[in-house]
Amino acid sequence: MNLILHGEIPAGFVRLDRAAAGYEVSIAIAPEHFRLGIGSIALALLHQLLPDEDLWAHVHDENVASRALFRRAGYAETEQQGWLCHPGRAGDAAVGSARS
């Protein structure tokens, strides 16, 4: 598990778990850091870290914000594994500083 910092303040975490094919992504952002682009940046960095791997995530149907985040990051909803992103299909999320 890796801590996500916004400046020097903890803003959430991201975790990768090895799966049979690729990695499962778990991400959580603290509510006071919502809508700052932190989740998008974290996913973009994961794709840079593992450019040749499938990444997938389980997202609850009622979690509209997470569904939108993963869709923007290039993931597609599947019946078998939840949300899946194949190598080279990551979204255009810019890696840089989150808005303050």
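Q: How many residues lie between β2 and β3 in their hairpin, and which turn residue has a positive phi?
A: Four residues lie between β2 and β3, and G22 in the turn has a positive phi of about 85°. Strands here are DSSP E runs of at least two residues and helices are H or I runs of at least four, numbered from the N terminus.

Q: What kind of model is this, and how are residues numbered?
A: The model is predicted, so local features need pLDDT of at least 70 and side-chain atom pairs count only at pLDDT 80 or more, whereas totals for chains, interfaces and linings use all residues. Residues are numbered from 1 along each chain as its sequence is written, and side-chain values use heavy atoms, without hydrogens and water.

Q: What about β3 and β4, parallel or antiparallel?
A: They pair in the parallel sense, over two bridges. E24 has W56 of β4 as its bridge partner.

Q: What is the strand order in the whole sheet?
A: The sheet is open and has six strands in the order β1-β2-β3-β4-β6-β5, with mixed pairing. β1 (2-6) and β5 (76-78) are at the edges; each has a single partner strand, so one side of each lacks a neighbour in the sheet.

Q: Which strands does helix α1 lie across?
A: Helix α1 (residues 38-49) lies across β1, β2, β3, β4 (55-57) and β6 (82-85).

Q: And which ones does α2 touch?
A: Helix α2 (residues 64-72) packs on the sheet and touches β3, β4, β5 and β6.

Q: New topic: how many residues are in the largest nonpolar core, and which have the most contacts inside it?
A: This core has 21 residues, and V25, L43, L55, F70 and Y75 have the most contacts inside it. Such a core joins buried Ala, Val, Leu, Ile, Met, Phe, Trp, Tyr and Cys residues through side-chain atoms within 4.5 Å. β2, β3, α1, β4, α2 and β6 each supply at least two of its residues, and the largest share, four residues, comes from α1.

Q: Which residues does L55 touch?
A: Residues up to four places away in sequence aside, L55 touches L16, Y23, V25, L46, H47, L50, Y75, W83, L84 and C85. Contact means heavy atoms within 4.5 Å.

Q: How many aromatic pairs are there in the whole structure?
A: The search finds one. F70 and Y75 form this edge-to-face pair, with 4.9 Å centre to centre and 85° between the planes. Ring centres of Phe, Tyr and Trp (its six-membered ring) must lie within 6.5 Å; planes under 30 degrees apart are stacked, over 60 edge-to-face, and the rest tilted.

Q: Are F70 and Y75 buried or exposed?
A: F70 counts as buried at 3% relative accessibility, and Y75 counts as buried at 4%. Buried means under 20% relative accessible area, exposed over 50%, and partly exposed in between (1.4 Å probe, protein chains only).

Q: Last one: where is H33, and what is it in contact with?
A: H33 is in the loop between β3 and α1, and its 8% relative accessibility makes it buried. Apart from neighbours within four places in sequence, H33 is in contact with H6, I9, P10, A11 and I38.

How values were computed: Pairing = 2+ DSSP bridges. Axes fitted to C-alpha atoms, helices over the stretch in contact; angles between N-to-C directions.
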